[in-house]
Every structure is written in C-alpha cells, then in structure tokens.
Amino acid sequence: MAGTIIGSGITIEGEITSDEDVVVAGTVRGKLSAEGPVTVDTGAVVEADIAAASLSVGGNVTGNVTASERVNLLAGGRLIGDVKAARLTIADGASFKGNVDMNV
Amino acid sequence: MADLSTIGRGTTIRGNIRGDGDLDVHGRVDGSVTVKGELSIAETALVKSDVSARRVVVRGAVAGNVSADESLVLEAGARVVGDLSAPRIGIRPGALLRGNVTTAGAENAPARARAGARPAAAEPARTPARAATPARPAVSAHTPSPTPAARAPMPAARPPAQTPVAPPRAAAPTHNPSHNSASHSASASDGVKAPSREGPPPPVVPSLGRGAKASLKRKGAR
C-alpha cells in the first residue's frame with residue numbers, strides 16, 4: 001500500500017502511530033512513531049520525536065530521533081535533536097545539531 | 001503531492017488534522033479533521049471526532065459531526081454517529097446514520113429524504129436530538145447491520161422479546177394519545193418480525209417523550 005502520506009498543506013498536531021511507511025511533506029507537531037520507513041520531505045516541518053525503522057530527513061526535524069535501522073540526513077535537511085540509530089549518514093549540506101548514539 | 005494526503009490503514013492519529021488539499025483517511029483518527037479540499041473516509045477508517053471539509057464522502061465509521069461546505073455523501077458501508085450538515089447531502093442505501101441531518105435552510109427533512117427506507121432513517125434523525133435513543137429501533141430495524149455493537153442488542157432486544165417489552169408495551173397504549181411516536185416505534189419494532197404492515201411511516205410530529213415513555217423505552221431496550 002502507499003502507506004501514509006502527509007501532504008504539504010496538512011498540519012497534524014498530536015501523535016501519529018503507524019505500522020507502515022510514512023512520508024511527511026507537511027507539518028507534524030507531537031510525536032511520530034512508525035514501524036516502517038519514515039521520510040521527511042523537503043519543506044516538511046516536524047516538531048516531534050520520531051521513532052521509526054529508518055528515517056530520511058530532507059526537511060526540517062526538531063526532536064529526538066530513534067531508528068532501529070538507519071538515519072539518513074540528506075542535503076538540505078535539518079535535524080536538531082539527538083539521534084539514536086545503528087547507522088547514520090549525514091550528507092554534505094545538511095544541518096545537524098545534537099548527540100549521536102550508534103548503539104556502540 | 002501537495003494535494004492528496006493519505007492516512008494509511010495501519011496508522012492511528014491521536015490529534016487534530018488541519019489543512020488544505022484533499023485527504024484520504026483509511027486508518028484511525030482520534031481527533032478532528034478539518035480540510036479545505038475533499039475528504040474521503042474509507043471503509044477501514046474510524047474517525048472519532050468532528051469532520052469538516054469542502055466535500056466529504058464517507059464509507060467508514062465516524063463518531064462525530066460531519067459537515068461539508070459543498071456536498072456530503074454517505075456511501076454504503078458508512079457508519080456515522082453524529083450530525084450531518086451540508087448544503088447537499090446524499091445517503092446511499094446501506095449507510096448507517098444516527099444523528100440529525102441538516103441541509104441548508106431545510107426544515108422539511110421527510111419530504112427531502114430520497115426513498116422508502118430513508119424517511120424512516122431521516123425522520124427519527126430529525127427529532128430534536130438528545131432523547132433520540134428511543135427512536136433508534138426504527139432506524140436499526142430498517143437497516144440491518146450487525147457491525148455497530150451498540151445497535152445489535154437493540155433490534156435483538158425488541159422484536160423477539162415480546163414479554164420483556166410487554167410492560168412498556170402495556171404502558172404504551174396509555175401514552176398513545178399523547179405520543180403517537182410511541183405507537184410508531186412499537187409498530188416499527190413489530191415491523192422487524194412481520195414485514196411492515198404500513199409502508200413508510202407517515203411523517204409524524206416527532207414529539208418524543210422526554211419523560212416516562214423515554215425512560216421506559218430505555219429500560220426496556222437496554
């Protein structure tokens with residue numbers, strides 16, 4: 001299935017829990033918890049803690065991030081918060097401020 | 001991408017959703033949904049709060065008021081407990097509804113309702129709200145669907161249980177002169193056992209008793 005897509009005009013204030021993949025292009029404030037991959041598109045604003053299997057940040061994320069697999073911070077992405085993941089990539093051009101714990 | 005958003009089937013949102021564009025809800029939302037475009041509530045969806053959009057199509061469950069700026073359609077499979085309000089409202093056969101229905105500036109709902117079963121659904125739905133529970137057996141009797149558990153005991157309780165219903169029924173004739181809707185609901189519940197002997201019920205003045213009759217029905221039905 002397509003999973004959950006939060007379009008650019010949509011604002012969700014509250015908790016999101018999903019067992020499938022989530023693509024955020026809009027605004028999310030609260031908490032986001034998914035069992036699948038989460039993608040934060042360019043232009044998205046996420047002010048929430050994110051827990052996901054994997055996470056790709058191309059937009060603006062403010063909050064702690066926990067991924068069971070990997071976190072990719074793409075160019076143009078901005079992440080302010082702590083990251084807890086087994087694998088992490090930070091692309092050239094991304095902004096990041098926070099701690100990193102790679103379960104070492 | 002800017003336009004259509006989807007809340008997938010495995011997703012639960014506890015909070016409010018607002019925005020422009022269209023939204024397709026397949027999952028659960030415990031909170032209000034206000035969208036400026038078209039809102040589609042799929043069969044697997046469950047929305048527990050008010051819902052508002054320019055155009056709304058409901059195929060799933062909504063526990064809350066539904067309002068639309070343009071048009072509102074309940075398709076077969078829709079289960080709505082709450083008021084509907086839109087300039088144009090469509091309720092397809094198979095949709096379940098418990099609540100008031102208001103189209104723009106219309107007070108004559110029985111006349112506007114579309115087909116035979118619908119006047120029964122729309123007309124108790126038109127009763128000035130709160131003590132509307134006693135009229136529910138009329139609605140449930142016409143639209144047999146076991147999915148909402150709340151409705152299942154009611155049609156089950158009324159027709160087969162002639163005896164438990166007897167004491168309220170015995171009281172019913174005494175209330176008959178004052179509340180013709182009482183005989184209404186009684187005959188509608190008979191209608192479940194024997195095919196309705198009087199076609200679509202005549203548009204009665206839904207003067208539902210807020211007093212003894214309502215409480216008797218409540219005791220008898222639940």
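1. A polar contact is taken here as a pair of N or O atoms within 3.5 Å, where within protein one must be able to donate a hydrogen and the other to accept it. On that basis, 16 residue pairs, both members at pLDDT 80 or more, are in polar contact between chain B and chain A. The model is a predicted one.

2. Two elements of chain B, β1 (4–7) and β2 (11–19), each supply at least two residues of the side that touches chain A. The largest share is that of β2(B), with nine residues. By class, this side of chain B has nine polar, seven nonpolar and four charged residues.

3. As for the extent of the interface, 21 residues of chain A and 20 residues of chain B take part in the contact. The area buried between the two chains is about 1700 Å². Carbon and sulfur atoms give 47% of that buried area.

4. Strand β2 of chain A, residues 10–18, is joined to β2(B) by nine bridges, and the two strands run antiparallel. For A:T11, the bridge partner in β2(B) is B:R18.

5. Salt bridges between chain B and chain A number two. In a salt bridge between the side chains of A:E15 and B:R14, the N to O distance is 3.4 Å.

6. Chain A has 13 strands and zero helices. Of its 104 residues, 46% count as buried. Among contacts in chain A with a separation of 6 or more, 0% come from residues 24 or more positions apart.

7. One position in chain B may be checked on its own. B:A76 lies in the loop between β10 (66–74) and β11 (79–81) of chain B.

8. Leaving out residues up to four places away in sequence, B:A76 touches B:E43, B:R92, B:P93, B:G94 and B:A95. The C-alpha atom of B:A76 is separated by 8.1 Å from that of B:I91, a residue 15 positions apart from B:A76 along the chain.

Methods. Residues numbered from 1 in each chain as written. Chains lettered and ligands numbered in written order. Predicted model: local features only at pLDDT ≥ 70, side-chain atom pairs only at ≥ 80, totals over all residues. Heavy atoms only, no water. Contact = heavy atoms within 4.5 Å. Buried area = accessible area lost by both parts, 1.4 Å probe. Salt bridge = Lys/Arg side-chain N within 4 Å of Asp/Glu carboxyl O. Polar contact = N/O pair within 3.5 Å; in protein donor to acceptor, adjacent residues only side chain to side chain. Helix = DSSP H or I, 4+ residues; strand = E, 2+ residues; numbered from the N terminus. Nonpolar A, V, L, I, M, F, W, Y, C, P; charged D, E, K, R; others polar. Pairing = 2+ DSSP bridges. Buried < 20%, exposed > 50% of the residue type's maximum accessible area, 1.4 Å probe, protein only.
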